[in-house]
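Here is a short briefing to read alongside the sequence and the model.

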Amino acid sequence: MSTTGATADPLAALGSLPGVAESVESVRKAVDRVYGHRVMRRRSNEITSEAALRGARGSAALSGADWALEEVRRRTDFSADPEARVVGAALRLTAEAGQLLSIWRQSPLRVLARLHVVAAAEPGDEVGRPRQAGEAVDEPLIELPLPEVQEVSGRLEGLADLIIAGTSAPALVTAAVVHGELLALRPFVSHNGLVARAAERIVLVGSGLDPKSVCPAEVGYAELGGASYLAALEGYVSGTREGMAAWIAHCGKAVELGVRESTAVCEALQRGAA
């Protein structure tokens, strides 16, 4: 995303793209409905915990480890093989994201570095910092052209400046841009998808749209499928009005599907089935 132009708040300007206002309103209504559920008023901590588990499973699925929910719930060792390590990284990021909310608005780059450290869970000079020239990126499911490190550095700084300065843009728009920009840049040598989705979660929660973190967009992305995810991302990377609007709408639909998932959990708890 270009952070230059006539407007001082380019994130807010995205709200005027075709269909974006409708997506924002649809998401807001969906979130309000689940927050108004009678079970949420009494057992929100349980819904939050279940949403975290399901969100981590969905994020891992998008990074190539599509495990059944009950397998994620049952497993205790996430070090045995590459897929297990992806699931473990997703679970760790979900837990860590909630601890970083207060830092995000002041130092988003510090938060992103911390997320990568948590995801990688192993020492190395390349962990917790943007990739350098000549370093390969392990993100096999995203085959878009990889930006040069100079572009990565400039766009990360621009994104951080926008977050720190604040914006009047709806939470959905800001979250979608953070998510899309990190996927487009792939600033780290690994785990960029997991980090991007965790950062989106931080924005949705920290903005007040989903303060209890019960609307796991990651569930929605997984349900919509990897092909749709990548097609929408291509729209974001294109930088066109239509492409950006389609990406934001895709992110909105994912949040709504996450809401549906947590609503189903509320209904199950109400029936005494979970």
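**A buried histidine, and what surrounds it**

His-250 sits in helix 13. This is a predicted model, and in it His-250 has a relative accessible area of 10%, so it counts as buried. Beyond its neighbours within four places in sequence, His-250 is in contact with Tyr-221, Leu-224, Ser-228, Tyr-229 and Ala-232. The points below start from there and move on to other parts of the chain.

**Helix 11 and its surroundings**

- Helix 11 covers residues 217–224, and its buried residues are Ala-217, Glu-218, Val-219, Gly-220 and Tyr-221.
- Those buried residues pack against five partners: helix 3, helix 9 (171–185), helix 10 (192–206), helix 12 (226–238) and helix 13.
- Tyr-221 is buried in helix 11, and Tyr-221 is also one of the contacts of His-250.
- Just after helix 11 comes Gly-225, with a positive phi of about 100 degrees.

**Helix 3 against helix 13**

- Two packed helices are described by the angle between their axes and the distance between the axes.
- For helix 3 (residues 38–62) and helix 13 (residues 241–271), the angle is about 125 degrees and the axes are 9 Å apart.
- That angle makes helix 3 oblique to helix 13.
- Helix 3 brings Arg-38, Val-39, Met-40, Arg-43, Glu-46, Ile-47, Glu-50, Ala-51 and Arg-54 to the contact, while helix 13 brings Glu-261, Ser-262, Val-265, Cys-266, Leu-269 and Gln-270.

**Helix 5 against helix 7**

- Helix 5 (residues 82–97) packs with helix 7 (residues 108–120) at an angle of about 145 degrees, and their axes are 8 Å apart.
- The crossing of helix 5 and helix 7 is right-handed.
- On the helix 5 side the contact is made by Ala-89, Arg-92, Leu-93 and Glu-96, and on the helix 7 side by Arg-114, Leu-115, Val-118, Ala-119 and Ala-120.
- This contact of helix 5 with helix 7 holds 6 nonpolar and 3 charged residues, and no polar ones.

**The nonpolar core**

- Which residues have the most contacts inside the largest nonpolar core? They are Trp-104, Leu-112, Leu-115, Trp-247 and Val-255, in a core of 84 residues.
- Leu-112 touches Trp-104, Leu-156, Leu-182, Phe-188, Val-195 and Ala-199, not counting residues up to four places away in sequence.
- Leu-115 is on the core list, and Leu-115 also belongs to the contact of helix 5 with helix 7.

- Gly-193 is part of helix 10.
- Is Gly-193 buried or exposed? Its relative accessibility is 1%, so Gly-193 counts as buried.
- Apart from neighbours within four places in sequence, Gly-193 is in contact with Glu-139 and Leu-183.
- Gly-193 and His-179 are 14 residues apart along the chain, with their C-alpha atoms separated by 8.5 Å.

- Most residues other than glycine have a negative phi.
- Ala-121 has a positive phi of about 55 degrees although it is not a glycine; Ala-121 lies in the loop between helix 7 and helix 8 (149–165).
- Arg-186, also not a glycine, has a positive phi near 45 degrees.
- The loop between helix 9 and helix 10 is where Arg-186 is found, and with 3% relative accessibility Arg-186 counts as buried.

Key:
Residues are numbered from 1 along each chain as its sequence is written. This is a predicted model: local features need pLDDT of at least 70, side-chain atom pairs count only at pLDDT 80 or more; totals for chains, interfaces and linings use all residues. Side-chain values use heavy atoms; hydrogens and water are left out. Axes are lines fitted to C-alpha atoms, for helices over the stretch in contact, and angles run from 0 to 180 degrees between N-to-C directions. Helices (H or I, at least four residues) and strands (E, at least two) are DSSP runs, numbered from the N terminus. Angles under 35 degrees count as roughly parallel, over 145 as roughly antiparallel, 65 to 115 as roughly perpendicular and the rest as oblique. Contact means heavy atoms within 4.5 Å. A nonpolar core is a set of buried Ala, Val, Leu, Ile, Met, Phe, Trp, Tyr and Cys residues joined through side-chain atoms within 4.5 Å. Buried means under 20% relative accessible area, exposed over 50%, partly exposed in between (1.4 Å probe, protein chains only). A crossing is left-handed if the near helix is turned anticlockwise from the far one by less than a right angle, and right-handed if clockwise. Ala, Val, Leu, Ile, Met, Phe, Trp, Tyr, Cys and Pro count as nonpolar, Asp, Glu, Lys and Arg as charged, and the others, Gly among them, as polar.
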